[in-house]
Structures are given as structure tokens and as C-alpha cells.
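Please open the structure in your viewer and keep the sequence beside it.

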Amino acid sequence: MDTGSTASGAGGAGVRGGRGVSDASTADTTDYRLDGQAAIESLRGAFSGRLLTEPQDTAPYLLDYRKRWRGAAMAVAMPDSTEDVVGIVRWCRQRQVGVVPQGGNTGLTGGSVPDRSGRSVLLSLARMNRIRSVDPLNNTITVEAGCVLQRVQETAAEAGRLFPLSLAAQGTCTIGGNLSTNAGGVQVIRFGNARELCLGLEVVTATGEIWDGLKGLRKDNTGYDLRDLFIGAEGTLGIITAAVLKLFPLPVAKVAALAGVTSPQAALQLLELAQNRLGSSLTAFELISSDALALVLKHFPGSRLPVETPSTWYVLVELSDLDSDQHANEAMENLLSAALETGLVPDAAVSASIDQFRQFWALRENISEAQSAEGKNIKHDISVPISRIPDFIEQTDAEIQAAHPETRMIVFGHLGDGNLHYNVSPGPGLPPGDDDAFLALEGPINRIAHDAVVRFGGSISAEHGLGILRRDESARYKQPVEVAMMRAIKQALDPQGLMNPGKYLPD
Ligand SMILES: Cc1cc2nc3c(=O)[nH]c(=O)nc-3n(C[C@H](O)[C@H](O)[C@H](O)COP(=O)(O)OP(=O)(O)OC[C@H]3O[C@@H](n4cnc5c(N)ncnc54)[C@H](O)[C@@H]3O)c2cc1C
């Protein structure tokens, strides 16, 4: 463990929060001005976890996943316990230092890295990764915020239960990050977002107090829902340190089908048919354009299209079954037969093994990486009412192509949730490799796409949050009364504005 001695004066016992020490808000006459090494030493003494200060150690924490934002920090603090988090938050509060929480650093909007001022502490929850308990009869698991999502899924499975949150970053992202961004993923159609999977939270507030809301209750109507306030707040109100999560019965069988469809409208009709026939067995329904699929086939050797007749659009359907493989296969085949008979689906393939199931899913999950292999792209993570998706795609594609014919659309996403990854890549009209020329179009293309989203009654950030990427744009599209209420909440819970400064709320 990388701890040092407490410097005299600054820091010291007064900030060792959570250990019976006075609250940070009580009168304190110590001179807390920051002066380089002394400040670091006092921070080191404020908690018992690890502190990284060398540039080669801190660098990976200061660059976001998409390598778009590089920040600076006084240090990277890695607490081992909730009391450690209290110590760090109180230390920062006394010195007016910002606190930037970070989980797996897989967020896509720049929320998990500090600004360039170097006046924040990056608080990584990576070492707070214990499973505190599993209660199969209550169908709950209690975990620390730094638990990697995949480990939570695996621990639940060992107990014969399903934790259904599922996304391509699950080997790296953490429960704290999932809750703070209210992550979605591929099973929202059946189980809901991270918010709907969480029953209780433990939080270290901006004032350095612990709120123990770790209740495993499905019913609790005793006041404002503080849990829901912290979920989706992207670390701007406090630090989530642990959570009680919902578990479900573990399916016995899973089967996937890849079906060609002639249009998003046909995909929507297939969704209705699937919902009517499969009910709660339908666990994913993804839309993929043929252009998006073509990128995966090009950049991932060994990948292949499992259907013979090419289509302009495809749908990936997943069914989870509590009975048997046979039952699952029959249900999927019945669905597809009905769709083939009505002409909704020209061709479809059903996974015949777990390997094939994974291959079908790889066609969907590798789209982002395949798109990046082609160069820079302009991403939109949007939602509109499911029924309006076909019209949205038709009208917005036409608008963007009319204004910027040198680009091409790469569209895919969670059709069952009304959530599209509505992306734009350089087309043949742009010189290959000229990222600057392409990225100069980002502002104008965002404006067309997001204005259309709002016209269609949608949201400009469906599951990735606001961070820094969508912070200012969100103000353009939110009602003034909404922004005012958000500011009032921020002011009430973080009056000094030290929790993840510069993110989420426009200046
Ligand atoms: C390949 C890939 C696929 C993805 N697919 C999806 C998808 O399908 N659906 C989806 O919703 N997202 C997706 N994402 C985005 C990302 O994985 C999620 O947003 C994830 O929930 C972030 O978790 P994290 O631990 O990496 O959080 P980070 O990136 O570390 O942080 C995200 C935000 O949460 C805050 N935060 C982190 N931990 C805490 C905490 N303990 N307390 C308070 N605030 C905290 C950070 O300050 C930041 O604002 C994907 C990302 C990648 C790279």
C-alpha cells in the first residue's frame, strides 16, 4: 500500500473522515492553501488507499476512452473503503479542490476525466471492488462501486441468478460508472436501464458524509427518491461507493436470430410480432443497417453474413428461455416462420450453437470498432419514440445527405428501446484520411441530427450521458425550467461545485 505520513498542519487528523472525526463543515482555522509537495503529502495522509502522483502512473486515468479529452490532476487517489472516500472528499472540500470520480473510464462523453487546470483530484474507485453479499431469496447482490460489471454477472450466475445489465464494455466498466451514467445496453427491452436494476445506494456526499441507503427493498415510499437523484448524475452530486442490485432467474437457454428486413418500418412490424409472441422471453432486438454490417465484414476477418439473401437492413433478435433449448428454438422458429410467411422477412438464420450465438452477436458488437477502423466518425446516441424511428431515419438521413453529400450514414442500435447509434462517417467525397476536413462538419451535422431528434419528441443522449460532449447542447434543448431545477439540486447538494466540476450542467 502506497501511504505516506501526514504532513504537519494541513490535512492531519481533522480530515480523516468517517473515523469519528469532526465534520469538515465545522470551523477550522488551518491554512489549507495548496503548495505542491506538502499538499500531496497531506492528501496521502487523509486516507489509507493508494495515491498516484508520477506522470507515467497517472496518465492512463487522465485520457478518456475515445482519446478525445486529456486532463490534468493533482493526483490519482485510489481509496480502499468508503471511509477512505470520506477522507479524500473532506480533504478536497477544505481546500476547494474538485473531485472527479472514475470507474472503468469507458464512458463516451468525457465525464470521467478532469479538465486541464490540474486543480482536481481524480478519485478512482478501482480498488473498491468487493462483493459484499448475495441474497438469492431476496434476488439481490450488494457490491462496491468499483466492481467490474462482468464480475457482478459472473457472481450472480454462480448463485444461479442473472444480473442482466449487458454492454460491450462489461469487462472494464464498473457498477459505479454504470449507475452514474444510467447505462443501457442490449437487454433494456426486457430489464430496463441501470436505474431500474438498482434498489439501494451507499453514497459519500459532497460534504463528506456517508448516506447509507443500501436497502434491498422493492417498495419504500418514504420521501424524495435520493437514490434516483444520484443515478445518472455522472458524479456531479456525490460519490457512489456501493449498491444493492436486482437479480433475476438465470435463463436455461438463449438463442439468437439474424433476419434481413426491407426497411426500418418492416423491422418495427417484426418487433411488434416478436413482442406479441415472445413476451418477456424477448431479451434483445437490435437494428443494423447493411452499411454498418458491411464494415464489420470488411474489418473482422472470419466474420460472415449468416443469411443468403442480402437486405438493406437487418435485425438481431435474442430470446432467453427458462425451460429448455428445444423450447427456445421452437419459439424462435415459430416467430420467424410467421414473419417469412407474411413477407416481412426475406431471409433469416437461427443460431444452432453457443458459438454461432456469439458470432451473431459479434456482428453487432464489433460495429463501433469497425467504424473506427475506417477513420473518425461523428456519433449520435439518440432516442425517439419507437413508433417514430422509421420516419426519423428517413427524414434525417435525407437532410444530412442533402447538406453533406460527402458523408455516409452508419446506423444501428437498440430498436426495441427507440435508441439509435446514429453515426456519420466520411464518404467517397472526402479525401481519405483527412480527419480535420471531416470533423469540421461535426457541429453542423450535430445540429441537423439533434434538431430532428427534438422535433420527433426524442432525447439527444439516450444512454451515454452528457459529460462534456453534450453538456452545452443539452441546455439548448432542455426547457429553462428543467435547467433551473437541475441547478437548484446541484446547489443544494454540492454548494461549492466541487463534484466533477465542469461536467453535465452548462456554465
Ligand atoms: C465498447 C463500449 C461499448 C459501450 N456500450 C454501451 C452501451 O451499450 N450502453 C451504454 O449505456 N453505455 C455503453 N458504453 C459507455 C460506458 O461503458 C458506460 O457509460 C459505462 O456505464 C461507464 O462505466 P465506467 O465504470 O467505465 O464509468 P467511467 O467512464 O469511469 O465514468 C462515467 C461517468 O460516471 C462517473 N462515475 C464513475 N464512477 C462513479 C462513482 N462511483 N460515483 C459517482 N460517479 C461515478 C464519472 O465521473 C463519469 O462522469 C460503452 C462504452 C464502450 C467503450
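A residue is called buried when its relative accessible area is under 20%, exposed when that area is over 50%, and partly exposed in between, with a 1.4 Å probe and protein chains only. The model is predicted: local features need pLDDT of at least 70, side-chain atom pairs count only at pLDDT 80 or more, and totals for chains, interfaces and linings use all residues. Residues are numbered from 1 along each chain as its sequence is written, and side-chain values use heavy atoms, with hydrogens and water left out.

**Stop 1**

Select Glu234, in the loop between α7 (226-230) and β10 (238-246). Helices (H or I, at least four residues) and strands (E, at least two) are DSSP runs, numbered from the N terminus. Glu234 has a relative accessible area of 10% and is therefore buried. Its phi is positive, about 55°, although Glu234 is not a glycine. Most residues other than glycine have a negative phi.

Now select Lys67, in the loop between α2 and β2. Lys67 is also not a glycine, and its phi is positive at about 60°. Is Lys67 buried or exposed? With a relative accessible area of 63%, Lys67 is exposed.

**Stop 2: salt bridges**

Select Arg68 and Glu442 next. They form a salt bridge, with the closest N and O atoms 3.4 Å apart. The term denotes a side-chain nitrogen of Lys or Arg within 4 Å of a carboxyl oxygen of Asp or Glu. Arg68 lies in the loop between α2 (55-58) and β2 (75-78), and Glu442 in helix α15 (residues 442-455), so this pair ties together parts that are 374 residues apart in sequence. Arg68 is partly exposed at 38% relative accessibility, whereas Glu442 is buried at 15%.

Move on to Asp80 and Arg127, whose salt bridge has its closest N and O atoms 2.8 Å apart. Asp80 is in the loop between β2 and α3, and Arg127 is in the loop between β4 (120-124) and β5 (131-135); the pair therefore ties together parts 47 residues apart in sequence. Asp80 counts as buried, at 16% relative accessibility, and Arg127 as partly exposed, at 29%.

Then select Arg358 and Asp355, a salt bridge whose closest N and O atoms are 4.0 Å apart. What separates these two residues along helix α11 (residues 354-365)? They are three residues apart, which means about one helical turn. Arg358 is exposed at 54% relative accessibility, and Asp355 is partly exposed at 48%. The whole structure holds 21 salt bridges.

**Stop 3: the nonpolar cores**

Select Phe163, Ile175, Leu179 and Leu245. These residues have the most contacts inside the largest nonpolar core, which has 55 residues. Such a core is a set of buried Ala, Val, Leu, Ile, Met, Phe, Trp, Tyr and Cys residues joined through side-chain atoms within 4.5 Å. Helix α3 (residues 82-95) supplies the largest share of this core, six residues. A second, separate core has 50 residues, including Ala267, Val424, Ile448 and Ile460.

**Stop 4**

Select helix α1 (residues 36-45), where Ala39, Ile40, Ser42, Leu43, Arg44 and Gly45 are buried. Their cover includes β1 (50-52), β2, α3 and β4.

Next, select Leu335 in helix α10 (residues 325-341). At 0% relative accessibility, Leu335 counts as buried. Leaving aside neighbours within four places in sequence, Leu335 is in contact (heavy atoms within 4.5 Å) with Leu273, Ala274, Arg277 and Leu278.

**Stop 5: rings and a surface patch**

Select Phe392, Tyr422 and Phe456, which ring pairs link into a cluster. Rings of Phe, Tyr and Trp (its six-membered ring) pair if their centres lie within 6.5 Å. The structure holds four aromatic pairs.

Finally, select Ile489, found in helix α17 (residues 480-493). Ile489 is partly exposed, at 33% relative accessibility. Together with Tyr224, Leu226 and Leu229, Ile489 forms a nonpolar patch on the surface, with about 410 Å² of accessible area together. Patches are made of residues with over 30% relative accessible area and no salt bridge; like charges are joined within 9 Å, and nonpolar side chains (Val, Leu, Ile, Met, Phe, Trp, Tyr) within 5 Å. Accessible areas come from the Shrake-Rupley method with a 1.4 Å probe, and for residues only the protein chains shown count as cover.

Methods
Rings of Phe, Tyr and Trp (its six-membered ring) pair if their centres lie within 6.5 Å; planes under 30 degrees apart count as stacked, over 60 as edge-to-face and the rest as tilted.
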